[in-house]
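Reader: I would like to go through this model with the criteria behind each term stated. Could we take it question by question?

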Amino acid sequence: MRVILDECLPRGLANHLIDHQVLTVPQAGFAGLTNGELLRRIEGLPAQNVIASYSFGVIILRSQSNRLASLIPLVSGVLKALAAIRPGDVIVVVNE
């Protein structure tokens, strides 16, 4: 599956998402865009910000920080979410 990591996430997280094609927002050429504009660029749709209408899903990571050490415990949840996500889904992975 293709994955784009938001700018607030460390690039090293990509190394833990094995078997997925991972790019960071800057690598994809979308650095500095607002979240709404980023979603529109990824999808290529005109201005709308309704996730359900997109041809991709969004995984939100909730953690104490965006440091790699805080995100590593979320990797198994992210991999499960990647296996289950469908277009228009929003899945929240929480570090408890």
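Reader: Is Asp19 buried or exposed?

Author: This is a predicted model, in which local features need pLDDT of at least 70 and side-chain atom pairs count only at pLDDT 80 or more, while totals for chains, interfaces and linings use all residues. Residues are numbered from 1 along each chain as its sequence is written, and side-chain values use heavy atoms, with hydrogens and water left out. Buried means under 20% relative accessible area, exposed over 50%, and partly exposed in between, with a 1.4 Å probe and protein chains only. Because its relative accessible area is 73%, Asp19 counts as exposed.

Reader: Where does Asp19 lie, and what is its phi?

Author: Helices (H or I, at least four residues) and strands (E, at least two) are DSSP runs, numbered from the N terminus. In these terms Asp19 lies in the loop between β1 (2-5) and β2 (21-24). Most residues other than glycine have a negative phi. Asp19, a residue other than glycine, has a positive phi, near 70 degrees.

Reader: In what order do the elements of the chain run from the N terminus on?

Author: The chain has three helices and four strands. From the N terminus on, the order of these elements is β-β-α-β-α-α-β.

Reader: Which residues form the covered face of β1?

Author: Two strands pair if DSSP finds at least two bridges between them; β1 and β2 run parallel and are joined by four bridges. Within this pairing, Ile4 stands opposite Leu23 in β2. In a regular strand the side chains alternate between the two faces of the sheet. The uncovered face of β1 has Arg2 and Ile4, and the covered face has Val3 and Leu5.

Reader: Which residues does Val78 touch, not counting residues up to four places away in sequence?

Author: Contact means heavy atoms within 4.5 Å. With residues up to four places away in sequence left out, Val78 touches Leu17, Ile59, Leu61 and Val93.

Reader: Which rings form the one aromatic pair, and why is the pair stacked?

Author: Rings of Phe, Tyr and Trp (its six-membered ring) pair if their centres lie within 6.5 Å, and planes under 30 degrees apart count as stacked, over 60 as edge-to-face and the rest as tilted. Tyr54 counts as buried at 2% relative accessibility, as does Phe56 at 16%. The structure holds one aromatic pair. The centres of the Tyr54 and Phe56 rings are 4.9 Å apart and their planes stand at 10 degrees, so the pair is stacked.

Reader: Against which strand do the buried residues of α1 pack?

Author: Helix α1 covers residues 35-43, and its buried residues are Gly36, Leu38, Leu39, Arg40 and Glu43. These buried residues pack against β3 (58-62).

Reader: What is the radius of gyration of the chain?

Author: The radius of gyration is taken over C-alpha atoms, and the globule rule is 2.2 Å times the number of residues to the power 0.38. For 96 residues, a compact globule would have a value near 12 Å, with which the chain agrees, its radius of gyration being 13 Å.
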